[in-house]
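Please read the following account beside the sequence and the coordinates, moving from helices to backbone geometry and then to side-chain pairs.

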Amino acid sequence: MNNDAVYRHSPETRRKITDILNRDEIRQLTARSDLAGAWAILSTWALIASYFALIGWAMSQPLPLAIPMIIAGIALLGGRQLALAIITHEATHKTLFKTQWANNGLTDWLCARPIGLDLAKYRTHHFIHHTRTGTDEDSDISLIAGLPTTRASLLRKFLRDVCGITGLKFLLGRLLMDAGLIKWTVATNVERLPYQGLPFHLALLVRNASPAVITNLLLFAVLALCGHPELYLAWLIAYLIPYPLFIRIRALAEHACTERSSDMFKNTRTTRAGWIARTFVAPLKVNYHIEHHAMASVPWFRLKTLHRMLKERNVTSKPPSYWQVLRLVSSA
């Protein structure tokens, strides 16, 4: 195939990446790197440490300076919690590391568990999302249901996020899932499971929640050893307020108001991300979402290259900004 030619298709045909890229290009794009995986984790935790330091410094400053700096620090922490979730997402595709034990065990404990995720369960859930994207069977379809909505409705959703209501519901849902009372998901739909007695569900809660409790206790212990155990409160607030808000914006950008089609170039959206978006809602190039769905075996650090290649062949067009997407989903 001549890869310099414009790729054309009929509306009924689901495009395949093998019709767009040749074997050598696919092999180069899908090469994994242990170094890149280690950098993703270490740089994220280094930034988390620096934001804790920022909040700790701000707490000793006069109130006019302390309040905005603490709020900024908590928002930045929420952005890095999302980064941990995106790293976990990368590991579910086994593309974070070349070494598979690092993809699974190392990433699970360093990235997934501190924010209450379970890599193995997420992998099962996320596989359905990729194979049924945009259909009623899509495991994430509830995240974008009922859109577009009105601007007032979207603002009410954002208000629930910044008031912590969404985060508290999110935390309660995690506990109920760990207890085996509702089916595990990262979406908003609730599927009740059969009740099997209090002792059974308590035992299940202890077993499933223990890794998250252990990793968070270790984080608290490190902060305490540094002389600032109170900084763990910032981690909790970030988890309850900015983190759910950033998850919502990310989900809206990726699939909201796209076509109900089996074509990943139509049912998924790539979004243009400046430095503010990359800081809060688009870490690790997750904004290149068409590229990810087109070829999920491409590691995060090569998605931009794939984006350029698809654009050069007129497969994709110029992506919208996050602000443009929010205007679209609130245009009803």
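Helices here are DSSP runs of H or I with at least four residues, strands are runs of E with at least two, and both are numbered from the N terminus. This is a predicted model, in which local features need pLDDT of at least 70 and side-chain atom pairs count only at pLDDT 80 or more, whereas totals for chains, interfaces and linings use all residues. Residues are numbered from 1 along each chain as its sequence is written, and side-chain values use heavy atoms, with hydrogens and water left out.

Helix 3 is mostly covered, since 21 of its 30 residues are buried, where buried means under 20% relative accessible area, exposed means over 50%, and partly exposed lies in between, with a 1.4 Å probe and protein chains only. Ile67, which belongs to helix 3 (residues 63-92), counts as partly exposed because its relative accessibility is 46%. Together with Leu63 and Ile71, Ile67 forms a nonpolar patch on the surface, with about 320 Å² of accessible area for the three residues together. Such patches are made of residues with over 30% relative accessible area and no salt bridge, nonpolar side chains (Val, Leu, Ile, Met, Phe, Trp, Tyr) being joined within 5 Å and like charges within 9 Å. The accessible areas come from the Shrake-Rupley method with a 1.4 Å probe, and for residues only the protein chains shown count as cover. An α-helix has 3.6 residues a turn, so residues three or four places apart point the same way.

Just after helix 3, Lys94 takes a positive phi of about 60°, and Lys94 lies in the loop between helix 3 and helix 4 (100-112). At 38% relative accessibility, Lys94 is partly exposed. Cys257, which is not a glycine, also has a positive phi of about 60°, and its place is in the loop between helix 10 (242-255) and helix 11 (275-280). Cys257 is partly exposed at 27% relative accessibility. A further backbone feature is the cis peptide bond that joins Leu147 and Pro148, with omega about 5°; Pro148 is found in the loop between helix 5 (119-131) and helix 6 (151-162). Why do these features stand out? Most residues other than glycine have a negative phi, and most peptide bonds are trans.

Two residues show how separate parts of the chain meet, with contact meaning heavy atoms within 4.5 Å. Thr215, in helix 8 (residues 198-225), is buried, because its relative accessible area is 10%. Leaving out residues up to four places away in sequence, Thr215 touches Trp109, Arg113 and Pro114, and a polar atom of the Thr215 side chain lies 3.5 Å from the backbone oxygen of Arg113. Ile241, by contrast, sits in the loop between helix 9 (232-240) and helix 10 and is partly exposed at 25% relative accessibility. Apart from neighbours within four places in sequence, Ile241 is in contact with Asp161, Val162 and Gly164.

Finally, consider the charged side chains. A search of the whole structure finds 9 salt bridges, each defined as a side-chain nitrogen of Lys or Arg within 4 Å of a carboxyl oxygen of Asp or Glu. In one of them, the closest N and O atoms of Arg27 and Asp24 are 2.2 Å apart; because these residues are 3 apart in helix 1 (residues 23-29), about one helical turn separates them. Arg27 is exposed, with a relative accessible area of 54%, while Asp24 is partly exposed at 41%. Another salt bridge joins Glu191 and Lys183 at 4.0 Å, N to O, with Glu191 partly exposed at 42% and Lys183 partly exposed at 44%. Arg308 and Glu312 form a salt bridge whose closest N and O atoms are 3.2 Å apart, and both lie in helix 13 (residues 303-312), 4 residues apart, about one turn of the helix. Salt bridges that share partners also join Asp108, Arg113 and Asp118 into one network.

Definitions and conventions: A polar contact is a pair of N or O atoms within 3.5 Å; within protein, one must be able to donate a hydrogen and the other to accept it, and residues adjacent in sequence count only if both atoms are side-chain atoms.
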